[in-house]
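Dear colleague,

I am handing over the structure we spoke about, and below it you will find a description of what was found in it. Please read the two side by side.

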Protein chains: 2
Amino acid sequence: MSGPTAGTGGAASREELAARLRGAGQRVTAQRLVMLEALRPGEHLSADEVFARVEPQLPGVCRSTVYRTLELFRDLGLVSETDLGGGVRQFEPIDGRHHHLVCRACGDQLALDDIVIEPLRQAIRQRHGFVAEIDHLAVFGLCVYCAEEARAVAAGDDR
Amino acid sequence: MSGPTAGTGGAASREELAARLRGAGQRVTAQRLVMLEALRPGEHLSADEVFARVEPQLPGVCRSTVYRTLELFRDLGLVSETDLGGGVRQFEPIDGRHHHLVCRACGDQLALDDIVIEPLRQAIRQRHGFVAEIDHLAVFGLCVYCAEEARAVAAGDDR
DNA sequence: GTCGCTTCTGCGACAATTCGCAGGTGCGAG
DNA sequence: CTCGCACCTGCGAATTGTCGCAGAAGCGAC
């Protein structure tokens, strides 16, 4: 994928990021601009994958910087950080909010629409005045099939 | 606390755990019994703290075992695993469900009652048949004060 | 009580993430 | 344009968490 990265093709432009950083009293650096462009909506990337992707353009960049910048972006609300349970955290630019249901038994993943989360956000807001940033939630549990199986086992039907 | 650990004093007794393990086709071992007793309701412990606590009673126990057993307990629904954002996961026996609101700006933590979460659990159940195990959720965001401050800054009131 | 199968555990290696520090650099002040 | 401070970055080391394997141990069968 070495095609022309061509122009301003992206949801978040360099200038938007620069403005965002300035507004937060942060500095605009090459590392941050490159890292922002390495992230594309709809892709879940591990910190290591981000590292691999930006390294060619940032000779000598180290993992610490990747982690720190990702953390910064997250605090700025630009990317979401999610633990899907595989020992590696996933990062993704926030485009549209979406969530996951992860089955603890079979590992299957289902998509969960943000509509289901919105009421929770509002309830928290009303009760505590707390502004919840739930952009990419992973809910663990049992899927329909595994839940039924577990129920059968619990009932003593051990086969 | 080297006092008499005296008898059956605890929410989960050894026998309950033994039965639970057997029911799930798991084996009852000394490590598991000791680890269960090391966890006390209301305390958030890191894996390392659990390790330190059980080591005196289990000479030669290693970290892998602690992690594996904690994972097992979690899958059995005995303990909850939560990332409070400090780079270390916290474990706690599930006594009553409770949750946390963690402010990204000032680090303050508020308690969140399970009543607020229950509707979400039901919505997920109805929509997807998925049984969500939300026992100890950490919701990140901005507390009342920091949210107001952020609003002021965003409005250009940069002081 | 003994045997044997299967599951657990300890161990060591490895991968993922965080931390402290010294030097480099953005950016506002003058 | 230059100066200087504070923030960023790269580096290396320390932590935290995961994995595969060989031996130990639990538990049901006999």
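The largest share of the surface near DNA strand C comes from α4(B), with four residues, where a residue is near a strand if its C-beta atom, placed from the backbone, lies within 6 Å of it. Helices (H or I, at least four residues) and strands (E, at least two) are DSSP runs, numbered from the N terminus. Please keep in mind that this is a predicted model, in which local features need pLDDT of at least 70 and side-chain atom pairs count only at pLDDT 80 or more, while totals for chains, interfaces and linings use all residues. Residues are numbered from 1 along each chain as its sequence is written, and chains are lettered from A and ligands numbered from 1 in the order in which they are written.

The DNA strands

Around DNA strand C there are 26 residues, of which Ser64(A), Gln26(B), Gln31(B), Thr65(B) and Gly87(B) come nearest. At least two residues of this surface are supplied by each of α3 (47–54) and α4 of chain A and α2 and α4 of chain B. By type, the surface near DNA strand C divides into seven nonpolar, twelve polar and seven charged residues; here Ala, Val, Leu, Ile, Met, Phe, Trp, Tyr, Cys and Pro count as nonpolar, Asp, Glu, Lys and Arg as charged, and the others, Gly among them, as polar.

DNA strand D has 25 residues around it, and those that come nearest are Gln26(A), Gln31(A), Thr65(A), Gly87(A) and Ser64(B). The elements that give two or more residues to the surface near DNA strand D are α2 (30–38) and α4 (63–75) of chain A, together with α3 (47–54) and α4 (63–75) of chain B. Of these, α4(A) gives the most, with four residues, and the residues of this surface divide into seven nonpolar, eleven polar and seven charged.

How the two protein chains meet

In chain B, 26 residues are in contact with 26 residues of chain A, contact meaning that the C-beta atoms of two residues, placed from the backbone, lie within 7 Å. On the side of chain B that touches chain A, two or more residues come from each of β5 (109–112), α5 (114–128), β6 (131–132), β7 (138–142) and α6 (144–154) of chain B. The most come from α5(B), which gives seven residues, and this side of chain B consists of 18 nonpolar, three polar and five charged residues.

The chains are also joined through strands, since two bridges link β7 (residues 138–142) of chain A to β6(B), and these strands run antiparallel; two strands pair if DSSP finds at least two bridges between them. Within β6(B), Ala132(B) is the bridge partner of Gly141(A).

The largest nonpolar core has 26 residues, and those with the most contacts inside it are Leu101(A), Ile124(A), Val139(A), Leu101(B), Ile124(B) and Val139(B). Such a core is a set of buried Ala, Val, Leu, Ile, Met, Phe, Trp, Tyr and Cys residues joined through C-beta atoms within 7 Å, and a residue is buried if 20 or more other C-beta atoms lie within 10 Å of its own, exposed if 12 or fewer, and partly exposed in between. The elements that give two or more residues to this core are β4 (99–103), α5 (114–128) and β7 of chain A, together with β4 (99–103), α5 and β7 of chain B. Leaving aside neighbours within four places in sequence, Val139(B) is in contact with residues that include Ile124(A), Ala132(A) and Leu101(B).

Within the chains

Chain A has six helices and seven strands, and buried residues make up 21% of its 159 residues. An open sheet of three strands in chain A has the order β1-β3-β2, with antiparallel pairing. Its edge strands are β1 (45–46) and β2 (79–83), each of which pairs on one side only. Two bridges join β1(A) to β3 (residues 89–93) of chain A, and Gln90(A) in β3(A) is the bridge partner of Ser46(A).

In chain B, the residues Val50(B), Phe51(B) and Val54(B) of α3(B) are buried. They lie on the same side of α3(B) because they cover an arc of only 100 degrees around the axis, the arc being that of the directions from the helix axis to the C-beta atoms. The buried residues of α3(B) pack against α2 (30–38), β1 (45–46), α4 and β3 (89–93) of chain B.

With best wishes
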